[in-house]
Amino acid sequence: AAAARCTTLSARARFLGAVNVVRRGPEGWHGDMVDGLGYVRGLAASGCTLPGARALLVGAGGAGSAIALAVLDAGAASLAVHDTDVAKRDALIARLSQVHAGKVVAGSADPAPFDLVINATPRGMRADDPLPFAADALRPQTFVGDVITMPEITPQLAQAQAKGCRIFTGVGMFENSLALMAEFYLGG
């Protein structure tokens, strides 16, 4: 709804059809979506190498869509999308394929063949939530991320750490997104 009220949108917000920051300028309201970019900046700062990476994204909702676009824009070689809502998953794959043809496919809950696995679902907010992916199949060299901020170390991130994986938390995404929001509001 906010994107529809903007006079101008960043290319990212226009593609996603959503904004999470808006500012008033001489021409009217300008909107952008910084969550995906914040996530990718945080991953890179945490030592994750995105160019050439094979990534699995679990969750094709708003946060997942923004992260998917940013991961591909950052140079990931491929992105598999897994969501229990097959229609939502397929719609995201179709949209992403318009700008990243041949790089996006349907995925599963198996993280084994991937360099990067990201949970963009609410699974993990409660201790009794089912895991969003098969954590027992993680390899130690896989980088594992989550969007959940509370708890910061979700059950899936705890299992990833126990396997020797490096992790990136939802708090890290939040902190990087806040920095981008400040830049946006200051005219950047």
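Q: In which strand is Trp-29 found?
A: Helices (H or I, at least four residues) and strands (E, at least two) are DSSP runs, numbered from the N terminus. In this predicted model, Trp-29 belongs to strand β3, residues 28-32. Residues are numbered from 1 along each chain as its sequence is written, and side-chain values use heavy atoms, with hydrogens and water left out. Because the model is predicted, local features need pLDDT of at least 70 and side-chain atom pairs count only at pLDDT 80 or more, while totals for chains, interfaces and linings use all residues.

Q: What does relative accessibility say about Trp-29?
A: Buried means under 20% relative accessible area, exposed means over 50%, and partly exposed is in between, with a 1.4 Å probe and protein chains only. Trp-29 has 38%, so Trp-29 counts as partly exposed.

Q: Which residues is Trp-29 in contact with, leaving aside neighbours within four places in sequence?
A: Contact means heavy atoms within 4.5 Å. For Trp-29 the list is Arg-5, Cys-6, Thr-7, Thr-8, Val-22, Arg-23 and Arg-24.

Q: How many aromatic pairs does a search of the whole structure find?
A: Rings of Phe, Tyr and Trp (its six-membered ring) pair if their centres lie within 6.5 Å; planes under 30 degrees apart count as stacked, over 60 as edge-to-face and the rest as tilted. The search finds two pairs. Tyr-39 and Phe-168 form an edge-to-face pair, with 5.0 Å centre to centre and 90 degrees between the planes. Tyr-39 is in helix α3 (residues 35-45) and Phe-168 in strand β9 (residues 166-168), so this pair ties together parts that are 129 residues apart in sequence. Tyr-39 is buried at 0% relative accessible area, and Phe-168 is buried at 4%. Phe-184 and Tyr-185 also form a pair: their ring centres are 5.4 Å apart and their planes at 80 degrees, so this pair is edge-to-face. Phe-184 is buried, at 4%, whereas Tyr-185 is partly exposed, at 46%.

Q: Which charged end sits over the ring of Phe-184?
A: A charge sits over a ring if NZ of Lys or CZ of Arg is within 6 Å of the ring centre and within 35 degrees of the ring normal. Over Phe-184 sits the charged end of Arg-23, 4.3 Å from the ring centre. The charged end of Arg-95 sits over the ring of Phe-15, at 5.7 Å from its centre.

Q: Which way do the side chains of β7 point?
A: In a regular strand the side chains alternate between the two faces of the sheet. From β7, Leu-116 and Ile-118 point one way, Val-117 and Asn-119 the other, and all are buried.

Q: In what sense does β7 pair with β8?
A: Two strands pair if DSSP finds at least two bridges between them. β7 and β8 pair in the parallel sense over four bridges, and Ile-118 stands opposite Gly-145 in β8. Strand β4 (residues 54-58) and β7 also pair in the parallel sense over four bridges; the bridge partner of Leu-56 in β7 is Val-117.

Q: What does the side chain of Thr-121 make a polar contact with?
A: A polar contact is a pair of N or O atoms within 3.5 Å; within protein, one must be able to donate a hydrogen and the other to accept it, and residues adjacent in sequence count only if both atoms are side-chain atoms. The partner is the side chain of Asn-119, at 2.6 Å. The Thr-121 side chain also reaches the backbone nitrogen of Arg-123 at 3.1 Å. Thr-121 lies in the loop between β7 (116-119) and β8 (143-146) and is buried, at 15%.
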